Amino acid sequence: RPVTPEQLLASVRRRVRGWRSVRVVAHWAWAAALAGLALVLLARVVPSPLLEPVAVALPVVAVLAMAAWTATRALPDLALARVADQALDSCDALSAYLEFRGREHRPPFVERITARAEVVAREADPVAAAPRPRLPRMRVAIAAGAVLATVALVWAVNPQDEARAREQAAL
């Protein structure tokens, strides 16, 4: 359980980083899944042996790349403090603490800001400080449907398999 504002913000950073990746993937996975489905459908028309493997690999690589890219982006402390302040309804206790922390000239009210931020950090639940964001349900549903359709088409017999076999036999 966090004791200091810095420990609370470190906990919030881990949770926000993970949820941010999930949210970005949920927001854009539909496009990758539909691209994979389009390539599988194209593989049923064009006799290319590479289209189906690319159709399966492309969405997976795209989604993993989006998740990794999002997870590695910097998260400013002040943005994290605002997330925690809003979730905890702490009236900007952590944001104010960060704004005045480490200044050479410390106004007299800084001690009260620091004390208030420490109380918020001691009493805060790190899970409540960085709640799960709402995910775009329609986009997730589209992505799931496209993935299921892609898997079904990959497992189904492809008419181009016969054409590719005839080409191989002719060589």
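User: Which residues of α7 are buried?
Analyst: In this predicted model, A143, A146 and T150 of α7 are buried, where buried means under 20% relative accessible area, exposed over 50% and partly exposed in between (1.4 Å probe, protein chains only). Helices (H or I, at least four residues) are DSSP runs, numbered from the N terminus.

User: Why are they on the same side of α7?
Analyst: They cover an arc of only 65 degrees around the axis, which puts them on the same side of α7; the arc is that of the directions from the helix axis to the C-beta atoms.

User: And what do they pack against?
Analyst: The buried residues of α7 pack against α1, contact being heavy atoms within 4.5 Å. On the other side of α7, R137, M138, L148 and W155 are exposed.

User: Changing topic, how many salt bridges are there in the whole structure?
Analyst: A search finds 4, each a side-chain nitrogen of Lys or Arg within 4 Å of a carboxyl oxygen of Asp or Glu.

User: Which residues are linked in a network?
Analyst: Salt bridges link E6, R13, D77 and R101 in a network. R101 lies in the loop between α4 and α5 and D77 in helix α3, so their pair ties together parts 24 residues apart in sequence.

User: How are the residues numbered, and what limits apply?
Analyst: Numbering runs from 1 along each chain as its sequence is written. Local features need pLDDT of at least 70 and side-chain atom pairs pLDDT 80 or more, while totals for chains, interfaces and linings use all residues, and side-chain values use heavy atoms, leaving out hydrogens and water.

Conventions: Helices (H or I, at least four residues) and strands (E, at least two) are DSSP runs, numbered from the N terminus.
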